[in-house]
Amino acid sequence: MKKLSTTAVLMLVSVASSVVIGQEARGQGPPRSRTKLVMLGTGNPSPNPDRFGPATVVLVDNVPYLVDCGVGVVRRWAAAIRANKLPSRPLDLKMAFITHLHTDHTLGFAELIFTPWTNVPANSPEAVRPLEVFGPPGLGAMTRNLLAAYADDIRIRTSEGGSRALSGSPGPIVNSHEVAAGEIYHDDRVTVTAFRVPHGNWEHAYGFRFRTPDKTIVISGDTAYTSEIGRQCNGCDLLVHEGGFNEEGAYFRTSHTNAEELARVAAEARPRQLILYHQRGANEEGVRIIRSKFAGPVIVAADLQVFE
Ligand SMILES: [Zn+2]
Ligand SMILES: [Zn+2]
């Protein structure tokens, strides 16, 4: 496991909820998948009320691994839990992987830091469980700057008379890990690999591959066409890919993937299911173009949708 510069950003306490591991006692019946993919936000920078900012959970044995934190991420996770009756808790997002630092993928980062911190009991064990965030160079500075921006909130909540003024109550604990491409994280449930993708002028933009006990899932992040997606997926179970619609202009061409290019990606990657996110609408035309070159299922994901 490779880790480049680990920036441990400490402010005083709190947050999280303990992770619920495999507590669902299942009865007889067909074995259920240990891995679910939960779409929290399937939108892009436009303020579409039906599509929140990019955020996806890979849920393994009911432990959530979050990819990107678009706007509304924690409330979207709470909504997905309720809508799909997931045996998870809204404050349990403690592992996050950031593809790149564009605002639409990070506007919910402050929410991810502060909403759980503000809501778990200040004297509970989960109040001192850190948020672990992995992402490109610049993530450490973003973390420090967000904590600095809310320094007054932390001070007032943790001081006498504040909502978290119990003895020894610190501010949120965030460990941000700036990573290079390669295997960036490993535990009993997942191995996470970051790979570089071309995204306009961003020097560091990643896609991620999650290998779990029963699934391989590739999430493209924001990317122009790249053969790297085909190499990383290579017959994977779920390929979650951005774009697939056509837009004019140099920015789109160098930053995103149009429908014809996505058809090529799908043919090279051969996923069992191709899931489109980072969308702006129903994208019927894009799906038609992709299906003309790719025989597998092509699904335009909706917010809160779950794939197994
Ligand atoms: Zn984006
Ligand atoms: Zn972007």
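Over which residues does pLDDT stay under 50? In this predicted model, the stretch is residues 1-27.

**Figure 1. Overview of the protein chain and its confidence.** The model is predicted, and the protein chain averages a pLDDT of 89. A score of at least 70 is reached by 89% of the residues. Residues 1-27 stay under 50, and the model has 90 contacts beyond four places in sequence for them. Where pLDDT is low, the predicted coordinates should not be read in detail. The secondary structure of the chain comes to 9 helices and 15 strands. Of its 308 residues, 50% count as buried. Among contacts between residues at least 6 apart in sequence, 68% join residues at least 24 apart.

**Figure 2. The largest nonpolar core, with a close-up of valine 58.** This core has 73 residues, of which Val58, Leu66 and Ala96 touch the most other members. Helix 8 gives the most to this core, with 6 residues. Leaving aside residues up to four places away in sequence, valine 58 touches Thr35, Leu37, Tyr65, Val67, Val190, Phe210 and Ile217.

Figure 3. Strand 11 spans residues 216-219 and is covered on both faces. Thr216 and Val218 are buried on one side, and Ile217 and Ile219 are buried on the other. Strand 10 (residues 206-211) pairs with strand 11 in the antiparallel sense over 4 bridges. From strand 11 the chain crosses through helix 6 to strand 12, in a right-handed β-α-β crossover.

**Figure 4. Cysteine 233 in helix 6.** Helix 6 covers residues 228-233, and cysteine 233 lies in it. Cysteine 233 counts as buried because it has 27 C-beta neighbours inside 10 Å, where the cut-off is 20 or more. Beyond four places in sequence, cysteine 233 touches Val218, Leu239, Ala269 and Pro271. Val218 belongs to the buried residues of strand 11, and Ala269 to those of helix 8. Proline 271 is 38 residues away from cysteine 233 in sequence, but the C-alpha to C-alpha distance is 6.7 Å.

**Figure 5. Helix 8 and what covers it.** Helix 8 runs over residues 259-269. Its buried residues are Ala259, Glu261, Leu262, Ala263, Val265, Ala266 and Ala269. Their cover includes helix 6, strand 12 (238-242), strand 13 (273-277) and helix 9 (284-291). Arginine 270 follows helix 8 and has a positive phi, near 50 degrees.

**Figure 6. Strand 13 between its pairing partners.** Strand 13 is largely enclosed by the rest of the structure, because 4 of its 5 residues are buried. Strand 12 and strand 13 run parallel and are joined by 5 bridges. In this pairing, leucine 238 stands opposite glutamine 273 of strand 13. Strand 13 also pairs with strand 14 (residues 298-300), in the parallel sense and over 3 bridges. The bridge partner of leucine 276 in strand 14 is valine 300. Together, strand 13, helix 9 and strand 14 make a right-handed β-α-β unit.

Figure 7. In helix 4 (residues 139-149), the buried residues are Leu139, Gly140, Thr143 and Leu147. Seen down the helix axis, these residues fall within an arc of 105 degrees, so they line one face of the helix. Asn145, Ala148 and Ala149 are exposed on the other side.

**Figure 8. Valine 179 in a loop.** Valine 179 is found between strand 7 (174-178) and strand 8 (182-186), in the loop that separates them. Valine 179 counts as buried because 25 C-beta neighbours lie inside 10 Å. Tyrosine 206 is 27 residues away along the chain, and its C-alpha atom is separated from that of valine 179 by 9.9 Å.

Key: Residues numbered from 1 in each chain as written. Chains lettered and ligands numbered in written order. Predicted model: local features only at pLDDT ≥ 70, side-chain atom pairs only at ≥ 80, totals over all residues. Helix = DSSP H or I, 4+ residues; strand = E, 2+ residues; numbered from the N terminus. Buried ≥ 20, exposed ≤ 12 C-beta atoms within 10 Å, placed from the backbone. Contact = placed C-beta atoms within 7 Å. Arc of directions from axis to C-beta. Pairing = 2+ DSSP bridges. Right-handed = clockwise from strand over helix to strand, strands pointing away. pLDDT = per-residue confidence, 0-100. Core = buried A, V, L, I, M, F, W, Y, C linked by C-beta atoms within 7 Å.
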